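Student: I should like to learn how to read the features of a model such as the one shown below. May we proceed feature by feature?

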Amino acid sequence: MEVQQHMRWRQSFIAEVSEALQQLGLRACLVCGSADALGIERSPVFLLTGGLPPAGEDPALGEDRDYDLTCAVRIECAGCGHLMLFNANMYRAEDEQILVREPS
Ligand SMILES: [Zn+2]
């Protein structure tokens, strides 16, 4: 039986993104204004542009492909459910390993 694995952000990357967004001015929910309801999801969101990847390929490891895969950080407000997505590449140092695999 295959072991199901999940992709997670590295803890250090979550901390970096969180700090960067606060410096950009994201300190409270844009909709309800709640300051401490914002939470960063530990797993990435993959946004696929331009078609489906071939079966069996690991989308997270693909780089030079026909399709464009955006790895996004998902932030959700626990107060009103407002969802925000940020492109992880904007917050990633070059060659930085930002994803880890974890058994579910
Ligand atoms: Zn809110």
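Student: Is Gln 11 buried or exposed, and why?

Tutor: A residue is buried if 20 or more other C-beta atoms lie within 10 Å of its own, exposed if 12 or fewer, and partly exposed in between, with C-beta atoms placed from the backbone. Gln 11 is exposed because 10 other C-beta atoms lie within 10 Å. Gln 11 belongs to helix α1, and its C-alpha atom is separated by 8.7 Å from that of Ile 98, 87 residues apart along the chain.

Student: What kind of model is this, and how are its residues numbered?

Tutor: This is a predicted model, in which local features need pLDDT of at least 70 and side-chain atom pairs count only at pLDDT 80 or more, while totals for chains, interfaces and linings use all residues. Residues are numbered from 1 along each chain as its sequence is written.

Student: What is the average pLDDT of the protein chain?

Tutor: pLDDT is the predictor's confidence in each residue, from 0 to 100. The protein chain averages 86, and 83% of the residues score at least 70. Among its elements, β5 has the highest mean pLDDT (97) and β6 the lowest (86).

Student: How many helices and strands does the protein chain have, and in what order do they run?

Tutor: Helices (H or I, at least four residues) and strands (E, at least two) are DSSP runs, numbered from the N terminus. The protein chain has 1 helix and 6 strands, in the order β-α-β-β-β-β-β from the N terminus on.

Student: How does the span of helix α1 agree with expectation?

Tutor: The expected span is 1.5 Å times one less than the number of residues. Helix α1 (residues 11-24) has 14 residues and should therefore span 20 Å, which agrees with the 20 Å between its end C-alpha atoms. Gly 25 follows α1 and has a positive phi, near 110°.

Student: Which residues does Val 45 touch?

Tutor: Two residues are in contact if their C-beta atoms, placed from the backbone, lie within 7 Å. Leaving aside residues up to four places away in sequence, Val 45 touches Ala 72, Arg 74 and Leu 85. By the corresponding count, Trp 9 touches Ile 14, Arg 42, Pro 44, Ile 98 and Leu 99.

Student: Which residues make up the largest nonpolar core?

Tutor: A nonpolar core is a set of buried Ala, Val, Leu, Ile, Met, Phe, Trp, Tyr and Cys residues joined through C-beta atoms within 7 Å. Here, the largest consists of Trp 9, Phe 13, Val 17, Val 73 and Ile 98. Of the 104 residues of the protein chain, 9% count as buried.
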